[in-house]
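Here is a short tour for anyone opening this structure for the first time. Have a look at it below, and then we'll go through a few spots together.

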Amino acid sequence: MIMPNIGAFIAWGIITALFISDGFFPNEQLAALNGPMITYLLPLLIAYTGGKMVHDVRGGVVGAIATMGVIVGAEDPMFLGAMIMGPLSGWIIKKFDDAVDGKIRQGFEMLVNNFSAGIFGGALAVLGLYAVGPVMAGFSSALAAGVEAIMNAGLLPLASILIEPAKVLFLNNAINHGILTPLGVQESNETGTSVLFMLESNPGPGLGVLLAYTVFGRGASRSSAPGAAVIQFVGGIHEIYFPYILMKPQLLLAVIAGGMSGVFTFVLFDVGLRAAASPGSILAYFAMTPPNKYVFMVLGVLVAAAVSFIISSIILKASRSDEEDLGSAASKMEEMKGKESSVTSGLKEEGAESQERSEAEELSGKDINKVIFACDAGMGSSAMGASVMKDKVKKAGLDMEVTNSAINQIPDDADVIITHKDLTDRARGKRPDAEHVSVDNFLGSPKYDELVERWKSDQEQ
C-alpha cells in the first residue's frame with residue numbers, strides 16, 4: 001500500500017524541504033500545502049490503494065471514504081489507520097457484491113452499486129471516526145513514545161540488530177514503509193527531519209559487503225559484486241546484495257555492525273531526512289538531507305560501509321571455500337521470499353538462461369505498439385529491464401512504447417508483456433490476450449535481442 005505511493009511521499013518531502021520557513025525557498029503560501037498533504041492526501045492515497053488491491057476501484061473508493069472518518073477522529077496523520085481501513089473496507093464491499101451478484105434486477109445495477117458504496121462507505125466512516133480513529137491514535141502515540149524513549153536512552157543504534165537480519169528475510173518493506181516511514185513522517189512534520197527514515201534505507205552496510213566481495217570474493221561472486229554495488233548504492237535496490245549474505249550468513253554480523261555504526265553517527269551529529277528515501281539510494285539521501293547536514297550524512301554512510309567492509313573482509317578471508325555458489329544463493333533467496341526476485345535474477349548461473357521461454361502466440365512486429373515490463377511493485381527490476389529494452393528498440397528504429405508496470409496494474413493496451421519466469425502465469429491471468437515473454441534475467445537477457453530482431457524483420461516485410 002505504501003510503495004505505490006512513495007512518489008506522493010517524496011513530493012510532500014520536496015515541498016516541505018523547499019518552502020517551509022527554514023527551507024531552501026521559504027514561501028508561506030506554498031508551505032500551506034504541507035498540512036493538507038500529510039493529513040489528507042497521503043492517508044487517502046494509502047487507503048485507496050489498499051481498497052483497490054482487494055476489490056479494484058470500487059474497493060478503493062469505499063476505502064478512501066471510510067478512512068476520512070479515521071482522519072477526522074485522530075489528530076496525528078493516520079497512515080496506520082489508512083492501512084487498516086482501506087483493505088478492510090474493500091473486503092466488506094467485495095463481500096456485499098458477491099452476495100448480491102446475479103440478484104439485482106436488470107436496469108437497477110448502477111443504482112444499487114452507487115448507493116451500496118455510499119451507504120457502506122458512510123457507515124464505515126462513522127465507525128472510523130468513533131472507534132478506529134481513537135484506537136489508532138492511541139496505538140500510534142504509543143509507538144511514537146516508545147521510539148522517543150529509545151532515542152532518548154541512546155539505544156537507537158541497537159535497532160540494527162533487528163532491522164538488518166529482517167531485510168535479508170524480506171521484512172524490509174514491512175519495517176520501513178509500514179512502521180518507520182509513518183513514524184518518521186510524523187516526526188519530520190514536527191521537527192523538520194527524522195533519523196527514522198535512515199534506519200533501514202542506509203546503503204552503507206550493503207555497499208561494504210559488496211566491496212568486500214569485490215576484493216576478497218571468488219569466482220562468480222567476485223566478478224558480479226562491482227555491478228551489484230553500483231545498483232545497490234546508486235540505484236537503491238538493496239535486494240541485490242541479499243544472496244551474497246545468504247552465501248555466508250556470518251556476514252549478518254557485518255551489516256548489523258555497519259548499520260549500528262551508521263545510525264550512531266547520524267544520531268551523534270543530529271542527521272535526519274526530510275522524507276523517506278525510497279529507493280535507498282545515495283542520490284535519494286542527498287535529495288532528502290538538509291544541505292547543512294550533507295557532510296555528516298555522507299560520514300554516516302561511509303562509516304557504515306567501512307565497518308561493514310572490514311568485518312566482511314575478515315569473514316571472507318577466513319573462508320576456505322574455493323568458490324561461492326551465487327546462483328544457488330539467489331535461488332535460496334527466492335525460496336525464502338516465497339516468490340521470484342527478478343532484481344537478483346542476473347546473479348544466477350549462465351546455464352539458467354536456457355530456461356527462458358515465450359509461451360504465448362507471437363505477435364507480428366507490425367501489430368505491436370506497447371511493450372510492458374512487469375514485476376511485483378513495478379518500480380525496481382521492471383524499470384531496469386524496460387530501460388535496457390527501450391534503448392535496443394530505439395537503436396533498431398522501431399516505433400514502439402516500452403515502459404514498466406506493477407503486475408496488478410498492467411495496462412489494457414499492452415501488446416507484449418515481459419516478466420520474470422515465475423511471474424508469467426500471474427501476468428497471463430491479467431492479460432491472456434497479450435504475448436507473454438518469460439526471462440530469467442531482467443538486466444541482460446539474450447531474449448531481448450531476439451525479440452528486437454524479430455520485430456524489425458516483421459516490419460521490414
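## A buried ring pair

Phenylalanine 373 is buried, its relative accessible area being 0% (buried is under 20%, exposed over 50%, partly exposed in between, with a 1.4 Å probe and protein chains only). Tyrosine 448 is buried as well, also at 0%. The two form an edge-to-face aromatic pair, 5.6 Å centre to centre with 75 degrees between the planes. Rings of Phe, Tyr and Trp (its six-membered ring) pair if their centres lie within 6.5 Å; planes under 30 degrees apart are stacked, over 60 edge-to-face, the rest tilted.

Phenylalanine 373 belongs to strand β2 (residues 370-375) and tyrosine 448 to helix α17 (residues 447-460), so the pair ties together parts 75 residues apart in sequence. Helices (H or I, at least four residues) and strands (E, at least two) are DSSP runs, numbered from the N terminus. The whole structure has seven aromatic pairs.

This is a predicted model: local features need pLDDT of at least 70, side-chain atom pairs pLDDT 80 or more, while totals for chains, interfaces and linings use all residues. Residues are numbered from 1 along each chain as its sequence is written, and side-chain values use heavy atoms, without hydrogens or water.

## Serine 194

Look next at the loop between α7 (172-191) and α8 (204-216), where serine 194 sits. Serine 194 is buried, with a relative accessible area of 1%. Leaving out residues up to four places away in sequence, serine 194 touches Gly184, Glu187, Ser188, Gly272 and Leu273 (contact means heavy atoms within 4.5 Å).
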